[in-house]
Amino acid sequence: MSSQPGFLHIIDVYKAYNGKVILDNIDLQVSRGEFCTVVGPSGCGKSTLLRLIIGAEVPTAGRILLEQQSVGPPDIHRGIVFQKYSLFPHLTVLDNISLGLRLGGRPGSKEMSGKEIYEEATAMLEKIRLAEHGNKYPHELSGGMQQRVAIGQSLIMKPKILVMDEPFGALDPNTRENMQLFLVELWEQEKMTVFFVTHDLEEAAFLGTRLLVLSQYYVDDRGNGRQVNRGAKITADYQPPATVSSKAVKQTREFNELIACIRREGFDPDFLQHAEEFNLKHPDSFQTLTREESG
Amino acid sequence: MDKSPEQPTRKPPRFFGIHARPGKAFSIVLAILPFAVLLIVYLTASEIRHRENEADKLLPKISQMTAAVQHMAFEKNRRTGTYLMLNDTLASMKRLLIGTGLAAATALLLGLNIGLFPGINAALNPFITFIAMIPPLSVLPILFISFGVDEAAKIVLIFLGIFPLITRDIRLAVHKLPHEQLTKAATLGASQFQLAYRIILPQVMPRLIEAVRLSLGSAWLFLIAAEAIAASSGLGYRIFLVRRYLAMDVILPYVLWITFLGFVMDWLLRHIMRCFYPWYAANGGHK
Ligand SMILES: Nc1ncnc2c1ncn2[C@@H]1O[C@H](COP(=O)(O)OP(=O)(O)O)[C@@H](O)[C@H]1O
Ligand SMILES: [Mg+2]
């Protein structure tokens, strides 16, 4: 994987709601072109981290940089796909896809004529394999098709990073697997940077060129009392076996060992690693602990 | 009923209980029934009264009413040279449509902006809530004094009577849109103006139509009240004018006619909804 470090930079980021710390001193550096997946127990703060990256919320402390620029409110440089509500129900599939181009177009590109927009949207429709469904409304599509539209709608803007929050979480297992293959193919074609949140370990290990575990199950030198307002940290950072566009990889021993290992490290409330001993194997990984955390 | 092997499933009842399945034909019979009862009760009562007193005015016979309609609707009035019922209808409909239209447009803009922009919400929402609390009829004298007894006062009464409720409804509809949409729109490059008018507004349009449908009843109420007090034409004006002569043969057809007009407007709005917003019902809206 050819990588330029420092594409997305998250430095000492905290997020608290009503005084309760959710994200606790997060450090993260993601390279361009990476398919970065984030797993963790439900409620640990995955979506919160994603909202900080997209700019829908601001960190309580710390900095988030995209190409050395501090990120602001959501903008055209960061695409998003949610589990639901990514599509506009009053627009047809084609109009959903072309919406970004019609609203103002891509940054720095010249104004497009209606015909150019139509052609590009149609090409995208083919790419997401929905060529015959352009005139339907979202509610007339299956869940998997809707998510493909949502992906196409974001991709047409050529964002620097595509952020996805459990995009396949509401799909049945079969559709889900097809969507995973579809996304991997698209990622290879488009050479995009993806930040993908899921609670499904297998999905994370299968899709990611980089796998982060976000979890509140760990210890550090702050002790264990009730007064410690501890939030989730990145407790593991892997480079899974090279992604292959085939689900055969899911049957290999290596793959399943990785999953078993992560399940223990991230999802077992009784398996508490010390913050200094996190499994941060990925070359881009870094962590700066405060003096309280590692005394 | 005992469960013999030949009868594995029991048919649902046709009328009684929460599992009833009345069926299409039976539903129509059931729907007609109360109307038929009302008609029979009326005809009987009317017959009895006329037998006692040939000149009874309270419950006119059908023939008397058709004669009155013939006179009001299909014969030129000798004094004014116009068809009275047509004239009254046009006058009332004009007031109703202008008042309701203005209220809908205002409420759409207000509700949209109050719902979307917290600053505007802080500035205007308490005020709208306050306005909504004023009983509209209590300000009618003020309206007559300030706008005169012509068209303006009646239109303003309808407007004041219904726009606060529609505004609050639109505001709620905006609030109910998933927050994800705002984020998504921003990532597609929507400016705040585009967000409000190209993404949110089309989505609350069906809600506006629904709110207008529900408000039409009140709109008629305010219209007729205003016409009853001061007007020289209009359906409400006529009803209250002929009341002095106990002309039930005119009043009853007029009431039926107003009901019919209301029904037609409701039907139109429902069809506009179905034709232009097919996605709405599928996304949790009412049919
Ligand atoms: N806007 C908010 N206000 C208060 N608490 C919140 C808010 N958003 C999230 N939380 C809390 O933060 C925690 C993490 O939420 P979230 O990021 O959605 O978890 P995940 O996506 O990992 O399941 C949860 O305990 C949730 O209750
Ligand atoms: Mg979540």
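1. Between chain A and chain B there are 0 salt bridges, a salt bridge being a side-chain nitrogen of Lys or Arg within 4 Å of a carboxyl oxygen of Asp or Glu. By class, the side of chain A that touches chain B has 16 nonpolar, 7 polar and 4 charged residues, where Asp, Glu, Lys and Arg count as charged, Ala, Val, Leu, Ile, Met, Phe, Trp, Tyr, Cys and Pro as nonpolar, and the others, Gly among them, as polar.

2. This is a predicted model, in which local features need pLDDT of at least 70 and side-chain atom pairs count only at pLDDT 80 or more, while totals for chains, interfaces and linings use all residues. Side-chain values use heavy atoms, with hydrogens and water left out, residues are numbered from 1 along each chain as its sequence is written, and chains are lettered from A and ligands numbered from 1 in the order in which they are written.

3. The two chains, A and B, bury about 2,100 Å² between them, 70% of it on carbon and sulfur atoms; buried area is the accessible area (1.4 Å probe) that two parts lose on being put together, summed over both. In chain A, the residues that lose the most area to chain B are A:Phe88, A:His90 and A:Leu103, together 32% of what that side buries.

4. In terms of contact (heavy atoms within 4.5 Å), 27 residues of chain A meet 20 residues of chain B.

5. Leaving aside neighbours within four places in sequence, A:Leu183 is in contact with residues including A:Phe35, A:Ile151 and A:Phe196.
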